[in-house]
Amino acid sequence: GVRYKYGFVKVYAVGAYIDPIAMNAVKKEGVGAIEEALLDPTYPKTIRIVMNRNLSAAKFADAIAEALEPRMGGKDLDKLKEFKDLNP
């Protein structure tokens, strides 16, 4: 997906790439298994982020956190803070 700021400024694009053979096996187990696999840090996947603007690491981390926080439903906010702290 593409992150927009102010409705029209493209900040970055994010793509998630999952091993299709491994995912086909997981799909047969149902939605819960898919969610579990995607959240498993050992599951084979790649996340690619392409910047569309020249941003500092701090501004980038703030933009990611701003986009994720409303979607997290109040869960794991400590992990979001940890992410921001890794990118001062």
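Where is the place of Asp76? Asp76 sits in the loop between H3 and H4, and we will come back to that residue below.

## About the model

This is a predicted model, in which local features need pLDDT of at least 70 and side-chain atom pairs count only at pLDDT 80 or more, while totals for chains, interfaces and linings use all residues. Residues are numbered from 1 along each chain as its sequence is written, and side-chain values use heavy atoms, with hydrogens and water left out.

## The overall layout

The protein chain has four helices and three strands. Helices (H or I, at least four residues) and strands (E, at least two) are DSSP runs, numbered from the N terminus.

Of the 88 residues in the protein chain, 19% count as buried (under 20% relative accessible area; exposed means over 50%, and partly exposed lies in between, with a 1.4 Å probe and protein chains only). Contact here means heavy atoms within 4.5 Å. Among contacts between residues at least 6 apart in sequence, 53% join residues at least 24 apart.

## Helices H1 and H2

Let us start with H1 (residues 20–27) and H2 (residues 31–39), whose axes come within 8 Å and cross at roughly 145 degrees. Axes are lines fitted to C-alpha atoms, for helices over the stretch in contact, and angles run from 0 to 180 degrees between N-to-C directions. Met23, Val26 and Lys27 of H1 meet Ala33, Ile34, Ala37 and Leu38 of H2. By class, this contact has six nonpolar, no polar and one charged residues (Ala, Val, Leu, Ile, Met, Phe, Trp, Tyr, Cys and Pro count as nonpolar, Asp, Glu, Lys and Arg as charged, and the others, Gly among them, as polar).

## Helices H3 and H4

The axes of H3 (residues 57–68) and H4 (residues 77–86) come within 9 Å and cross at roughly 165 degrees. That makes H3 roughly antiparallel to H4 (a term for angles over 145 degrees). On the H3 side, the contact is made by Ala61, Asp62, Ile64, Ala65 and Leu68, and on the H4 side by Leu80, Phe83 and Lys84. These residues divide into six nonpolar, no polar and two charged.

In the loop between these helices, Asp76 has a positive phi of about 55 degrees although it is not a glycine. Asp76 is partly exposed, with a relative accessible area of 46%.

The structure holds one salt bridge, meaning a side-chain nitrogen of Lys or Arg within 4 Å of a carboxyl oxygen of Asp or Glu. Lys81 forms a salt bridge with Asp85, and their closest N and O atoms are 2.9 Å apart. Because they are four residues apart in helix H4, Lys81 and Asp85 are separated by about one helical turn.

Conventions: Angles under 35 degrees count as roughly parallel, over 145 as roughly antiparallel, 65 to 115 as roughly perpendicular and the rest as oblique.
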